[in-house]
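Me: Could you walk me through this structure, feature by feature? I would like to learn how to read it.

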Amino acid sequence: MRNKKNIRTCKGCRDKKDKNKLYRIYLDKELEVEENISSKGRGIYICKDEKCIEKFFKKNYIFKEFKNIKEEDVEKLKNKLKNKLNKK
């Protein structure tokens, strides 16, 4: 049985998965993405899947989760996620 502390919900597809199988997006000085979940603070989780990421941005969930962010910050985040997917 999996430890419930490690289960997170993807904000794109709403599936529940182990947090190690998801990217964590958090706000530091700008929006950041991490795979090895080590940072403290509020963050959201998203699958390491291109379709899921597209759905997340298409529905503008990012603006609902993080207040006071700019469109340019979102574009930077999209590029960071795209680079991570391409490195796989």
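Me: Let's begin with E65. Which helix does E65 lie in?

Reply: Happy to start there, and please keep in mind that the model is predicted. E65 belongs to helix 2, which covers residues 61-65.

Me: Is E65 buried or exposed?

Reply: The idea is to compare the relative accessible area with a cut-off: under 20% is called buried. E65 counts as buried because its relative accessibility is 18%.

Me: What does E65 touch, leaving out residues up to four places away in sequence?

Reply: E65 touches K11, R42 and I44 on that count. With R42 there is also a polar contact between the side chains, at 3.5 Å.

Me: How confident is the predictor in helix 2?

Reply: For that we look at pLDDT. Among the elements of the protein chain, helix 2 has the lowest mean pLDDT, 87, while strand 2 (residues 16-18) has the highest, 93. The protein chain as a whole averages 87, and 94% of the residues score at least 70.

Me: Now to the strands. Where does Y26 lie, and is Y26 buried or exposed?

Reply: Y26 is part of strand 3, residues 22-27. At 13% relative accessibility, Y26 counts as buried.

Me: Which residues is Y26 in contact with, apart from neighbours within four places in sequence?

Reply: Y26 is in contact with L31, E32, E34, S39, R42, G43 and F66. For a sense of distance, look at Y26 and S38: they are twelve residues apart along the chain, and their C-alpha atoms are separated by 11 Å.

Me: E34 was in that list of contacts. What can you tell me about the place of E34?

Reply: E34 sits in strand 4, residues 31-34. E34 is counted as buried because its relative accessibility is 8%. Its side chain makes a polar contact of 2.8 Å with the side chain of R24. Not counting residues up to four places away in sequence, E34 touches L22, Y23, R24, Y26 and S39.

Me: What should I look for in the backbone angles?

Reply: Most residues other than glycine have a negative phi. Here R14 has a positive phi of about 70° although it is not a glycine. N60 is also not a glycine, and its phi is positive, at about 60°.

Me: Where are R14 and N60 found?

Reply: R14 is in the loop between strand 1 (7-9) and strand 2. N60 is in the loop between helix 1 and helix 2. R14 is partly exposed, with a relative accessible area of 43%, and N60 is partly exposed at 39%.

Me: Which residues line the largest pocket?

Reply: Its lining is made of E50, I53, E54, F57, K78, L81, K82, L85 and N86. Helix 1 (50-58) and helix 3 (71-87) each supply at least two residues of that lining. Helix 3 gives the most, with five residues. By class, the lining has four nonpolar, four charged and one polar residue.

Terms used: Residues are numbered from 1 along each chain as its sequence is written. This is a predicted model: local features need pLDDT of at least 70, side-chain atom pairs count only at pLDDT 80 or more; totals for chains, interfaces and linings use all residues. Side-chain values use heavy atoms; hydrogens and water are left out. On a 1 Å grid over the protein atoms alone, a cavity is a set of points where a 1.4 Å probe fits but cannot get out, and a pocket is an open set with protein on both sides within 12 Å along at least five of seven lines; lining residues have an atom within 4 Å of a point. Helices (H or I, at least four residues) and strands (E, at least two) are DSSP runs, numbered from the N terminus. Ala, Val, Leu, Ile, Met, Phe, Trp, Tyr, Cys and Pro count as nonpolar, Asp, Glu, Lys and Arg as charged, and the others, Gly among them, as polar. Buried means under 20% relative accessible area, exposed over 50%, partly exposed in between (1.4 Å probe, protein chains only). A polar contact is a pair of N or O atoms within 3.5 Å; within protein, one must be able to donate a hydrogen and the other to accept it, and residues adjacent in sequence count only if both atoms are side-chain atoms. Contact means heavy atoms within 4.5 Å. pLDDT is the predictor's confidence in each residue, from 0 to 100.
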